[in-house]
Amino acid sequence: MALLEFTEGDLISPDKVASTLLTTKKEIGETMGIPGPSLSRKERIKSPATQRTLRHLVEVLIAVKPLGGHFIMAYAWFRSEPLVGFGGRTPDRVVKDGEFDALRAHIQRRIEGGYA
């Protein structure tokens, strides 16, 4: 599934993300540190900050999915796997702390067979 499949028009759709992950927009907001209205109100969904945060989540899920076979497993990893290279923080915490690029590089190294 490509990024395009999570979009409606030119925006990442919180509804499509929630549906794919069999969860709610509220839960996704809590995981990503996005206030509830930002995933429900159309004008807030369009905001660059909301779209950037959703894009980070979706990009990680797309990258990790092949390792677990399903987006739900990728999401579980994202929310719960402590990463030694990040001081034991979970991937969602790493993203919340503004280190998305470092997490993306970490995932790429792991996919290529390297160490964290």
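Me: To how many aromatic pairs does the count come?
Reply: This is a predicted model: local features need pLDDT of at least 70, side-chain atom pairs count only at pLDDT 80 or more, and totals for chains, interfaces and linings use all residues. Residues are numbered from 1 along each chain as its sequence is written; side-chain values use heavy atoms, with hydrogens and water left out. Rings of Phe, Tyr and Trp (its six-membered ring) pair if their centres lie within 6.5 Å. The count comes to 1 aromatic pair.

Me: What is the angle between the planes of Phe-6 and Phe-71?
Reply: Their centres lie 5.5 Å apart. The pair is edge-to-face (planes over 60 degrees apart; under 30 is stacked, the rest tilted). The angle between the planes is 85°.

Me: How many residues apart are Phe-6 and Phe-71?
Reply: Phe-6 sits in the segment before strand S1 (7-8), Phe-71 in helix H5 (residues 71-80). Helices (H or I, at least four residues) and strands (E, at least two) are DSSP runs, numbered from the N terminus. The pair links distant parts of the chain, with a separation of 65 residues.

Me: Is Gln-51 buried or exposed?
Reply: Gln-51 lies in helix H4 (residues 48-68). Buried means under 20% relative accessible area, exposed over 50%, partly exposed in between (1.4 Å probe, protein chains only). Gln-51 has 13% relative accessibility, so it counts as buried.

Me: Which residue has its backbone oxygen 2.9 Å from a polar atom of the Gln-51 side chain?
Reply: Not counting residues up to four places away in sequence, Gln-51 touches Leu-11, Ile-12, Ile-45 and Lys-46 (contact: heavy atoms within 4.5 Å). The 2.9 Å approach is to the backbone oxygen of Ile-45.

Me: How do H4 and H7 run, roughly parallel or roughly antiparallel?
Reply: Axes are lines fitted to C-alpha atoms, for helices over the stretch in contact, and angles run from 0 to 180 degrees between N-to-C directions. Under 35 degrees counts as roughly parallel, over 145 as roughly antiparallel, 65 to 115 as roughly perpendicular, the rest as oblique. H4 and helix H7 (residues 100-111) pack at about 10°, axes 10 Å apart. So H4 and H7 are roughly parallel.

Me: Is Thr-90 buried or exposed?
Reply: Thr-90 is in the loop between H5 and helix H6 (91-96). Its contacts include Phe-78 and Pro-82. With a relative accessible area of 18%, Thr-90 is buried.

Me: How far apart are the C-alpha atoms of Thr-90 and Ser-80?
Reply: Thr-90 and Ser-80 are 10 residues apart in sequence. In space, their C-alpha to C-alpha distance is 5.7 Å.

Definitions and conventions. Polar contact = N/O pair within 3.5 Å; in protein donor to acceptor, adjacent residues only side chain to side chain.
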